[in-house]
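Hi,

Here is the structure I promised to pass on. Please open it and keep it beside you while you read.

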Amino acid sequence: MTTPTTATTTRPRRTGSWVPPVVLLVVGVVACAMAASGADDGSAGAVRAVATLAFFLFGPGWAVAGFLRTVTTATRWFLAAAFSCAIAILGAQVMASTGSWHPVGGLYVLVGLATVPLVRLAWAAR
Amino acid sequence: MTAGTGMTRLISLVERARPEPDGAAPDDVEGGAPTWHRLRPWTPLALAALAVALLPLAAVTVDLDAMGGLGLGGVLPVWGWASIVLAVAACVLEIARPRPVALALLTGVLILCTTGMPSVVEPAARLGITWLHAGFVDAITRAGGVPRGIDSRLSWPGFFAQWAWIQDAAGMRQLDTVLRWAPIAIVGAWAAGVFQIARGLLGGTRAPWVATWLFCGENWIEQDYFSPQATAMILVLAVLAAAVGPLAAPATGPRRAAEPRYASTEADTVELAAVRPYRVGALIDRVRWWLSGPSRPDTDRLDVLIQWGGSAVCLAALVAAHQLTPFAIGAQLLVLVVARRLWGRHLLLVLVLAVTTWFVLGAAEFWVNQLGLATSSVGQVGSSISGGLGDRLVGDVGQLVGKFGRVALAGATWGLALLGAWWRWRQRRELVVLALAAVPVTIVLLQSYGGEVLLRILLYGLPFLAVLGTEALRVLHRRWTSVALPVFAAGMVLLCAAVVVLRGGNDVYLSVRPHDVQVVRETIEAAPAGTSVYTLGDHAPLGIERLADVNQFNTAADCQPIIDDPIRCVLANPPEYLVVLRQGDAEGVVLGGRSPGWTRQAIAEFVAEGWYRIQRVEGDAVVLERTRNP
């Protein structure tokens, strides 16, 4: 009798799923739309907060880590979080240091920059 | 022996000898004892669901006001303990199954039930320092940049600026919810990073999960609150996971590289032997081998490029976010470079350039104004050790149990790791992992960080200590296979229960209640610009807002901690507003040996002397307003 293993469940995937980039893109667009509408109270405010937080935590990083070809899904998510964190720190530092503190504008720029790679990833994985 | 019996035995032998599918390493079957094969696949998931379901019961039934010196562990109801046991049982049963598929999810449940227990049962973020960090974020959002002259920690504002950006972009007025749940998210990210590192160093599919659980169980250090160092640790783990994974150079040795040159032809050997003795030649070849650089990793080139670039970005962000961490990871990367185990060794150069740039540009104000302070404790190993260890071992019996327990767990962590390192040395002649765990010790010689540096050193080395500990457990498992799983399960239960007790050991004065925050926040908001707001106690949620225009630090000289002599400390530099919370009273009782109600006596004295009047009473929180200057 052979003993099945978990090797198959943790084997790196050559192509990622299209779901995460699409979801992150939608989340980013929702965050931008809610920021543009100025919603910061009630349920709309909660949706805006969650969408913005989710995009900041994973969106920019996934636009980079999504292109990795020989890593597991878990690794991709971890690196997406770490890279997102690093990008947000550097972006915020640049805004704070140069005296150009425009948080909502910065969000637009970040979502805009991440859009192309996220669309590319979703297209490649469809 | 009958023919039938012989055939059955032969078939059994053939089955045993059949190789594992998918090229699985032998490690892949460790723990897969036949007893557990009969388990229903959903059993671990059901146990995990039950563990999570018990958490609200624990939150409802816990009596936080009854906390004593033992902290959260002394008041955690049976539902809380049961959820810990169930979470551990779920993890152990799943890893023992032939084909575990839910280890990531179950590890998340384990973190929720152990590290996350205070976040679940306590209604607001613990630790006053967490609220101060929210205050730094608030200061940046109000100023639209990094304000100067508030606190030296704002010389490394990357983390605070990041959250100020998120807060403003998300339209959030406060970060209270983020503060409360941050430890769970942070430890979850750390666990993912440790898993990647363990996979690179241990191989297999089960051992990395064991290392991850060990890391979570041994992490009593509690640097995973809303803080720059917690974020910095995520970046560090991402870089280290790449360094021992896709960017790791395949292991080669100088002997292998040198031998063909010396043994290629007899003439060569004779000629070289005539020029220099063999030992000298071997030494030179060893140096040449080292200088020739590590081998290129045999993985996808695009992946290598992305991982290298991502790691470089993480290092740059790290330098802007935290003072101490770049030096720790610099030392660890140096170990990998010296051992020729890192192909992407230019990352070290990136780090040096980033630190130098930040030193010159970003943190120039700090270095210019506080150079004496920054360098005064360089090389002061004794003061660091006494500040990190000796000065902290004070308090009542419950406090001492928790504090000596932390020392014992740190010792046990190192002991198990040394056992693993010994085995690793016997099997592979390799000490790099041990060096990675130990090298952060060097920052104790270079820091100006006070006693807390010992906690950081343990934290930076902990991922590798967990890896080595798992190596030791792997060997023990092979020797005592029949009892390994039950013993491991029992050990995990003890470890996870211990970490809840040890982490929550100071909660009697570190836990914060929402109405404490509300009272402090409203007092700060109402205070005119230029006035001062203090609290009786050193761990209150002070500095939440308006750090730039309301003085919220106890600046009285020789008054640390304030509980030692509250009257003198307050009168030395009397604030306009004095907030007295329950936790300040508890702090004096368990740390300063004061009798319960000592803050009430202080209030009575302040009022009786006419220095202060009671402005507001909100439950057991009291706000005093200064009436005349003493």
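Below is what turned up, taken from the contact between the chains to the spaces and then to one helix.

Please remember that this is a predicted model.

**The contact between the chains**

Start where chain A meets chain B. Chain A puts 49 residues into the contact, and chain B puts in 58. Together the two chains bury about 4,700 Å² between them. Carbon and sulfur atoms account for 68% of that area.

How many salt bridges does the rule find across this interface? It finds one. A salt bridge joins the side chains of Asp41(A) and Arg173(B), with N to O at 3.1 Å.

**The second largest pocket**

Now look at the second largest pocket. Its volume is about 1,200 Å³. The lining counts 45 residues, and those closest to the pocket's centre are Leu57(A), Phe58(A), Ala185(B), Ile186(B) and Ala189(B).

Which elements give two or more residues to this lining? From chain A, they are helix H2 (42–65) and helix H3 (73–97). From chain B, they are helix H6 (103–113), helix H9 (158–170), helix H10 (176–202), helix H11 (207–218) and helix H12 (228–243). H10(B) gives the largest share, 14 residues.

The lining of this pocket divides into 33 nonpolar residues, eleven polar and one charged.

**The cavity**

A probe the size of a water molecule, rolled over the atoms, shows where empty space is left. Here the count comes to one cavity of 30 Å³ or more. The largest cavity holds about 120 Å³ of space. It is lined by 15 residues, and the closest to its centre are Ser119(B), Arg126(B), Arg180(B), Pro183(B) and Glu222(B).

Two or more lining residues come from each of helix H7 (117–121) and H10 of chain B. The largest share is three residues, and H10(B) supplies it. By type, the lining of the largest cavity has seven nonpolar residues, three polar and five charged.

**A helix to check by length**

Last, find helix H21 of chain B, residues 397–428. How far apart should its ends be? H21(B) has 32 residues, and at 1.5 Å a residue it should span 46 Å. The end C-alpha atoms of H21(B) are 46 Å apart, so the two values agree.

What follows H21(B)? Arg429(B) does, and its phi is positive, near 55°.

Best wishes

Note on methods:
Residues are numbered from 1 along each chain as its sequence is written. Chains are lettered from A and ligands numbered from 1 in the order in which they are written. This is a predicted model: local features need pLDDT of at least 70, side-chain atom pairs count only at pLDDT 80 or more; totals for chains, interfaces and linings use all residues. Side-chain values use heavy atoms; hydrogens and water are left out. On a 1 Å grid over the protein atoms alone, a cavity is a set of points where a 1.4 Å probe fits but cannot get out, and a pocket is an open set with protein on both sides within 12 Å along at least five of seven lines; lining residues have an atom within 4 Å of a point. Grid points are joined across faces, edges and corners, and a volume is the space filled by probe spheres set on the points. Helices (H or I, at least four residues) and strands (E, at least two) are DSSP runs, numbered from the N terminus. Ala, Val, Leu, Ile, Met, Phe, Trp, Tyr, Cys and Pro count as nonpolar, Asp, Glu, Lys and Arg as charged, and the others, Gly among them, as polar. The expected span of a helix is 1.5 Å times one less than its number of residues. Contact means heavy atoms within 4.5 Å. Buried area is the accessible area (1.4 Å probe) that two parts lose on being put together, summed over both. A salt bridge is a side-chain nitrogen of Lys or Arg within 4 Å of a carboxyl oxygen of Asp or Glu.
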